[in-house]
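Work through the exercises below with the coordinates open. Each task is followed by a solution in steps.

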Amino acid sequence: MTTTVITNIGSLVTNDPALGEGPLGLVRDAALVLDGDRVAWAGPASRAPDADARVDAAGRAVLPGFVDSHSHLVFAGDRTAEFNARMSGQPYKAGGIRTTVAATRAATDAELSVNVARLLREALRQGTTTFETKSGYGLTVEDEARALRIAAEHTDEVTYLGAHIVSPDFADDPAAYVDLVTGPMLDACAPYARWVDVFCEKGAFDGDQARAILTAGKAKGLLPRIHANQLSYGPGVQLAVELDAASADHCTHLTDADVDALASGNTVATLLPGAEFSTRAEWPDARRLLDAGVTVALSTDCNPGSSFTSSVPFCVALAVRDMGMTPDEAVWSATAGGAAALRRTDVGRLTPGARADLMLLDAPSHVHLAYRPGVPLVAEVWRRGVRVA
C-alpha cells in the first residue's frame with residue numbers, strides 16, 4: 001500500500017489525549033501518516049516518518065471526519081410550506097410526518113436512492129465521512145423494507161424505525177400497528193438493519209410500547225437506540241439506559257433522574273440542535289449533561305420536516321452559541337461522540353489503526369467552525385485514505 005504523510009498541519013485533532021493536549025489530543029505543527037485506508041502515525045511534524053507521498057496542509061487544521069449518528073435520509077418531497085408558515089407565525093394545518101409518508105410511498109426506488117446520494121454528497125462536502133440513517137417514512141412492511149434496503153446501499157449504519165409514528169392506516173388501532181412493527185415488519189426489515197429505534201413520545205409510542213418494540217428488535221439481533229424526551233418529559237431516557245441503548249436522541253426535557261441515569265450508564269446523549277433551530281423549540285442543555293459526566297454526541301437529524309440540514313458545522317456552531325458547549329466539546333461530540341453513539345472505535349479519531357477519514361479546514365484551528373459560522377471552511381475531505389472532496 002502507498003503511504004502518505006500530510007505535513008505542515010497547523011493543528012491536528014486526534015481525539016486521543018495520549019497524543020496531544022486536552023480531550024481533543026490536540027497537536028500543533030503536526031503531521032499525519034496514512035497507510036492505505038488507515039492512520040499509521042500522528043504527532044509533531046518534526047518527528048514524522050518518511051512516506052511514499054507528501055501532502056502540504058499549508059498550516060490548515062486537520063480533524064477527524066464528522067460522524068453523523070442520526071439522520072432520516074430515505075424520503076421524498078419536502079415540507080417547505082409547513083416550515084414557511086411556522087417561521088411566519090401563521091396557522092398551518094398539515095400532515096407533518098404523514099405528508100412525507102405519502103410522498104415517500106409514491107416515490108420509486110430510484111428516486112429515493114438518488115435523493116439519499118444527493119444529501120450524502122452535500123454532507124461529505126461539509127466533512128461528514130460516517131453517517132447513520134433510518135427508515136420511518138414508509139410505515140408498511142414493503143415500504144419500510146425497501147427504505148432500509150436503499151439505505152444499506154449507502155451505509156452500514158442502518159436503523160429500522162418502523163415505530164416513527166403510528167401508521168395512518170392504523171390510526172384507530174395503535175396496538176395492531178405495534179404488533180405489525182414487532183412481527184412481520186421486523187422480520188422483513190431486520191436483514192437490512194443494524195439498529196432498531198422508536199419515537200417514544202406523547203402522540204407516538206408510550207414507554208410500554210417502546211419497550212416491546214426495542215425488545216423485539218434486540219431478539220432479532222438489532223441494537224437499540226431511541227428518540228427520547230424531545231417534546232416533553234417522559235420515560236424514553238430511562239428506558240434507553242435500562243435496555244443499554246447506544247444512544248438516547250434529542251434529550252431536551254430531562255429530570256435530574258434522567259441525567260443521573262445517563263451519567264451512570266453506557267448510553268450516549270445525542271443532541272440535535274438543527275431540530276430546535278427549525279422549530280424554535282427549547283434548546284437541550286448540553287452544559288448540564290457534560291457537567292454530570294454524560295457522553296454527548298452532536299448530529300444533524302437531517303429530515304424534511306424538523307431539521308432539513310446536512311451540515312454538522314452548522315450544528316457545532318449552534319451547540320456553542322446556544323447549548324453551553326465549548327468549541328472543543330462540540331467538535332469532540334461531532335466526531336468521537338458520534339462514533340460512541342454508533343459504538344464505533346475505528347472512526348471519529350485520528351490515531352494509529354483508525355480509519356483514515358479526515359478533513360482539512362481553510363483555517364488554522366477547529367475553533368473556526370464556531371467562530372466563523374456559515375462559512376464553507378472545509379477545504380478537503382479524505383475517506384479511507386483517499387481524497388473524495
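**Exercise 1.** Determine which residues of helix 5 meet helix 7, and classify the orientation of the pair.

*Solution.* 
Step 1. In this predicted model, helix 5 contributes Pro 174, Val 178, Val 181 and Thr 182, and these meet Gln 209, Ala 212, Ile 213 and Ala 216 of helix 7.
Step 2. Sorted by class, the contact of helix 5 with helix 7 holds 6 nonpolar and 2 polar residues, with no charged residues.
Step 3. Helix 5 spans residues 174–182 and helix 7 spans residues 207–219; their axes come within 9 Å and cross at roughly 15°.
Step 4. Angles under 35 degrees count as roughly parallel, and helix 5 and helix 7 are therefore roughly parallel to each other.
Step 5. The handedness of the crossing of helix 5 and helix 7 is right-handed.

**Exercise 2.** Repeat the analysis for helix 3 and helix 4: what is the angle at which they pack, and which residues meet?

*Solution.* 
Step 1. Helix 3 (residues 109–125) packs against helix 4 (residues 141–152) at an angle of about 45°, and the axes are 10 Å apart.
Step 2. Helix 3 passes helix 4 with a right-handed crossing.
Step 3. On the helix 3 side the residues are Asp 109, Leu 112, Ser 113 and Val 116; on the helix 4 side they are Arg 146, Arg 149 and Ile 150.
Step 4. The residues of this contact of helix 3 with helix 4 divide into 3 nonpolar, 1 polar and 3 charged.

**Exercise 3.** Search the whole structure for cavities of 30 Å³ or more, then describe the lining of the largest cavity.

*Solution.* 
Step 1. The search of the whole structure returns 1 cavity of 30 Å³ or more.
Step 2. The volume of the largest cavity is about 60 Å³.
Step 3. Residues that line the largest cavity include Asp 68, Ser 71, Leu 73, Leu 119, Leu 120, Ala 123, Thr 128 and Phe 131, and also Thr 300, Cys 302 and Ser 310.
Step 4. Two or more lining residues of the largest cavity come from each of helix 3 and strand 7 (128–134).
Step 5. Helix 3 gives the most, with 3 residues.
Step 6. The class count for the lining of the largest cavity is 6 nonpolar, 4 polar and 1 charged.

**Exercise 4.** Describe the largest pocket: what is its volume, and which element gives the most to its lining?

*Solution.* 
Step 1. The largest pocket has a volume of about 580 Å³.
Step 2. Its lining has 30 residues, of which Ile 97, Phe 199, Gln 230, Leu 231 and Ser 306 lie nearest the centre of the largest pocket.
Step 3. Helix 1 (80–88), helix 2 (97–106) and helix 10 (273–279) are the elements that give two or more residues to this lining.
Step 4. Helix 10 gives the most to the lining of the largest pocket, with 3 residues.
Step 5. The lining of the largest pocket divides into 8 nonpolar, 14 polar and 8 charged residues.

Technical notes. Residues are numbered from 1 along each chain as its sequence is written. This is a predicted model: local features need pLDDT of at least 70, side-chain atom pairs count only at pLDDT 80 or more; totals for chains, interfaces and linings use all residues. Side-chain values use heavy atoms; hydrogens and water are left out. Axes are lines fitted to C-alpha atoms, for helices over the stretch in contact, and angles run from 0 to 180 degrees between N-to-C directions. Helices (H or I, at least four residues) and strands (E, at least two) are DSSP runs, numbered from the N terminus. A crossing is left-handed if the near helix is turned anticlockwise from the far one by less than a right angle, and right-handed if clockwise. Contact means heavy atoms within 4.5 Å. Ala, Val, Leu, Ile, Met, Phe, Trp, Tyr, Cys and Pro count as nonpolar, Asp, Glu, Lys and Arg as charged, and the others, Gly among them, as polar. On a 1 Å grid over the protein atoms alone, a cavity is a set of points where a 1.4 Å probe fits but cannot get out, and a pocket is an open set with protein on both sides within 12 Å along at least five of seven lines; lining residues have an atom within 4 Å of a point. Grid points are joined across faces, edges and corners, and a volume is the space filled by probe spheres set on the points. Angles under 35 degrees count as roughly parallel, over 145 as roughly antiparallel, 65 to 115 as roughly perpendicular and the rest as oblique.
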